[in-house]
Amino acid sequence: MKKATSFVIPSLSVLTVAVGPFAFGIMLPVIPIFIVWTCVAIFLFILYKKISIKPAMTALLIIFGNYYFHFRTNLWIDHIKKIKDKTIQMSGLVTDFTEATAQNKQSKYLITIHECSEQSLIGKKASLYIRGRHIPIMPGSIIICQALTIKDIPEKLRPYLMKDNIAISFYSSPKNIKRKAQKQDIVAYFYKVTTRLSHSIKINLSAESADLFQLLFLGNKKYELDNSLLSSFKYWGISHYVARSGMHLALLTLFWQYLFFLIPLPWIMRQLLLLFLTLFYFSFSWTSVSFLRAFYCFLSIKLHSIIKKRSEFLHILSLTTWAMLLYNPILIFFLDFQLSFGMTYTLAWFSSITKARTNLKTIAE
């Protein structure tokens, strides 16, 4: 009988191995063009001589990540420079609203632009700041904005706008803003229901319960805990518990899954019902990086299960990482992305090692 080794490196998919060089390339300064052409020439030479292409592929992935990030960033900056100092009129769907406070005297609206005199902005997101007192326009409504002058965005604020996929930021006064009557569509309906749900929770629950429910269950960061309660969380080192993460989605889906096992339904019906509930919950939630990671991983795992295909969590996590970085590569520079994906990769790696050792022991016996 052979003795199982104490340490086993699990097999990794090409997608999992490739995500490291791609992410590393994003974080590098612009790579000089002569290095790029040198790497391409070496790669072609290796292909011709049929030598191992792993080092060359690693270099090409680093270059691809580097140039993809800088291409996307320069595209966003060049667009801002092209349209700055223009005066425009636009209308769009209000998707979020932050009311003015004593500290911040400006109301903030997040808008998806439907119509605009500047054609390049149609379909993009904009943040609108309104100074002064006015009647709030709730999410799900159509807002009309006139005489908006596009200003250049300070360099230190650009990464935050790019992270949220916001194309432009405006400042206006209440006289230039009005609400437009519109036909009810499905997107506007979801935003209106979410706002009503949030308002209903605030009315029907105590202040502390409402804040905790908004933070933990809906992920609405506009609500903050009472200072005394927040101090208690900080004192015991558990303040991260009041920030909704992927763990909360995992616990919720596990709870639903346990309940469905008690219902005499076919297996496929239980899986589809679980998917429907998770999508419904996602539709009425405020998202974050960790929540999106858990949601996309859950969807991928469940779809693999429904079509009866084997799935490895490291591969699913790498697929999610690729999707999020290709959609918005600047995410990698923010701490929430680094902690969420870094910790998940670490746990998944050790889990894969444990699984590989168990399998090896089983074979050896």
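Predicted model: local features only at pLDDT ≥ 70, side-chain atom pairs only at ≥ 80, totals over all residues.
Figure 1. Although N165 is not a glycine, its phi is positive, at about 60°. Most residues other than glycine have a negative phi.

Figure 2. A147 has its place in strand β4, which covers residues 142-149. Here too the backbone carries a positive phi, of about 55° for A147, although A147 is not a glycine. The relative accessibility of A147 is 43%, and A147 therefore counts as partly exposed.

**Figure 3. Close-up of S91 and I143, two residues in contact.** S91 is found in strand β1, which comprises residues 87-98, and its relative accessible area of 6% means that S91 is buried. When residues up to four places away in sequence are not counted, S91 touches I113, H114, E115, I143 and I144. Under the same exclusion of residues up to four places away in sequence, I143 touches M90, S91, G92, V94, I111, L128, I137, I177 and K178.

**Figure 4. Close-up of the nonpolar cores.** The largest nonpolar core holds 54 residues, of which M90, Y109, L121, L128, I143, I168 and F170 touch the most other members. Helix α3, spanning residues 54-83, supplies the largest share of this core, namely 7 residues. Apart from this core lies another one, made up of 12 residues, among them W256, Y281, F291 and L299.

**Figure 5. Close-up of the packing of α8 against α10.** Two packed helices are described by the angle between their axes and the distance between the axes. For helix α8 (residues 246-261) and α10, the axes come within 7 Å and cross at roughly 35°. On the α8 side the contact is made by G246, L249, T253 and Q257, and on the α10 side by S290, F291, R293, A294, F295, F298 and K302. Sorted by class, the residues in the contact of α8 with α10 are 5 nonpolar, 4 polar and 2 charged.

**Figure 6. Close-up of the crossing of α10 and α11.** The axes of helix α10 (residues 289-306) and helix α11 (residues 313-327) come within 9 Å and cross at roughly 125°, an angle that makes α10 oblique to α11. The crossing in which α10 passes α11 is right-handed. Helix α10 contributes V289, L292, R293, Y296, C297, S300, I301 and H304 to the contact, whereas α11 contributes F313, I316, L317, L319, T320 and M324. The residues of this contact of α10 with α11 divide into 10 nonpolar, 3 polar and 1 charged.

**Figure 7. The chain as the setting of the close-up views.** The secondary structure of the chain comes to 12 helices and 6 strands, and the C-alpha trace spans about 80 × 60 × 45 Å along its principal axes. Of the 365 residues in the chain, 39% count as buried. Among contacts between residues at least 6 apart in sequence, 71% join residues at least 24 apart.

Methods: Residues numbered from 1 in each chain as written. Heavy atoms only, no water. Axes fitted to C-alpha atoms, helices over the stretch in contact; angles between N-to-C directions. Helix = DSSP H or I, 4+ residues; strand = E, 2+ residues; numbered from the N terminus. Parallel < 35°, antiparallel > 145°, perpendicular 65-115°, else oblique. Left-handed = near helix turned anticlockwise from the far one by under 90°. Contact = heavy atoms within 4.5 Å. Nonpolar A, V, L, I, M, F, W, Y, C, P; charged D, E, K, R; others polar. Core = buried A, V, L, I, M, F, W, Y, C linked by side-chain atoms within 4.5 Å. Buried < 20%, exposed > 50% of the residue type's maximum accessible area, 1.4 Å probe, protein only.
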